[in-house]
Amino acid sequence: MSEIFKIGKIAYEGPASKNPFAFRHYNPDEIVGGKTMREQLKFAMSYWHTLCGEGVDMFGVGTADKSFGGKTPMEVAKKKVEAAFELMDKLGIDYFCFHDKDIAPEGESLKEFQANLDEIVPLIKENMKKYNKKLLWGTANLFNNPRFVHGAGTGCNADVYAYAAAQVKKALDITMELGGMGYVFWGGREGYETLLNTDMGLELDNLARLLRMAVDYARGKGYTGDFYIEPKPKEPTKHQYDFDTATVLAFLRKYGLEKDFKMNIEANHATLAQHTFQHELCTARINGAFGSIDANQGDTLLGWDTDQFPTDVYNTTFCMLEVLRAGGFVNGGLNFDAKARRASMTDEDIFLSYIAGMDSFALGLKIAQKIVDDGRIDAFIEKRYASFKTGIGADIVSGKATLESLSDYALSLNVVEEKTSGGQEYLESVINDIMFGGAL
Ligand code: XUL
Ligand code: CO
């Protein structure tokens, strides 16, 4: 078969390499924290950005051609499959993620869409086997088509709701057929612009009904993977219902869905919610809801979802520290929900972007493991909360303390002052020391 990309396989050459088409830090078989880097990081390729994103923005048309030589929509879809697996193979990426609409054209009707999918899915399956690649998660695109203008699971039209359900059913069937262990709901149009036209109670009840139907259907077919919700606070709607992890947890618990759903945390979505990426990951972890990650980064000077490839090593480090604290990925992984900039339109840029992202996460993993091994950060936290280990603190933690017993205790102390430093600057310099100490 002829090659689509005129770039060879990307190998690990080590930190001294100046070859742009090589990994300097991602060494798949190297052991970090008791597992190989490829197991710790579980990189995935996003089908939509990588095979479909042509660099369109609201001021201009695409700058890259992603038809890969195909002429008709189905020919293009088939070429995309070829390109996808060649890319994953050359970059050494083991997983991919897709929306239904990324892999096959919608055509003129639901039946046509499903027939197109039925033609493409066996091709994907064949390539997965040939290249030994796995599906991280699947999803249905319930936001692009104009029919979803008022929402899909939270719209005002029952026919549209049924259409969305049909798409979810088919995307779940494909996910199961391809052995995926994750299914994502990102509520693209699930939100509102004004309460003047919105029944928020009904919309949220209906969304929960759709999620429940999806769980019942897939579990009934023997699906044992995870369902994920991907929180995002705004864009496209002003009030997205899945604002952030804490909001989604409250929603899931209200409707009894918390056992089947975990979070797919995206870095840029955290930024839009005015949280750090680490805050979102930590909130998920302490609530038993850490699932998967959409790896990218935003720009703090821009208020929208720029989906940049992640190169900020502080962020990848704090992300991987949370992943290590969570005990690593189970069904999830690191999906690059990221796109090369509109001006980075060449085939080389696709490779260079993934290399940059993968190397940045490899560095993040290595530094996070060093932070754990170094022990200064954990020791500081341990000492900071030491008063909850004995005496009155232990009574509070065990539940023995009451408001009266605490009041009596405080009166016995009479004067309480707090003069212990939080040590933020010291801790930040410890991180720099671990990252750069001895390196320069
Ligand atoms: C949009 C976004 C989506 C989801 C999947 O901001 O992140 O690509 O990851 O629908
Ligand atoms: Co995403």
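How much space lies in the largest cavity? About 130 Å³, where a cavity is a set of points on a 1 Å grid over the protein atoms alone at which a 1.4 Å probe fits but cannot get out, and a volume is the space filled by probe spheres set on the points, joined across faces, edges and corners. The model is predicted, so local features need pLDDT of at least 70 and side-chain atom pairs count only at pLDDT 80 or more, while totals for chains, interfaces and linings use all residues. Residues are numbered from 1 along each chain as its sequence is written, ligands are numbered from 1 in the order in which they are written, and side-chain values use heavy atoms, with hydrogens and water left out.

The largest cavity is lined by 19 residues (an atom within 4 Å of a point), and Leu142, Phe185, Trp186, Gly187 and Glu190 come closest to its centre.

The second largest cavity holds about 40 Å³. Its lining includes Glu266 and His269.

Glu266 also turns up at the cobalt ion (ligand 2), along with Glu230, Asp294 and Asp337, at 1.9 to 2.1 Å; donors are N, O and S atoms within 2.8 Å of the metal (3.2 Å for Na, K and Ca), and with water not among the atoms, sites may look incomplete. The six donor atoms subtend angles of 78 to 170°, so the arrangement is octahedral (opposite donors over 155 degrees apart, all others between 65 and 115). Asp294 is buried at 0% relative accessible area, and Asp337 is buried too, at 7% (buried means under 20%, with a 1.4 Å probe and protein chains only).

How values were computed:
On a 1 Å grid over the protein atoms alone, a cavity is a set of points where a 1.4 Å probe fits but cannot get out, and a pocket is an open set with protein on both sides within 12 Å along at least five of seven lines; lining residues have an atom within 4 Å of a point. Four donors count as tetrahedral if all angles lie between 85 and 135 degrees; four count as square planar and six as octahedral if opposite donors are over 155 degrees apart and all others between 65 and 115; anything else is irregular. Buried means under 20% relative accessible area, exposed over 50%, partly exposed in between (1.4 Å probe, protein chains only).
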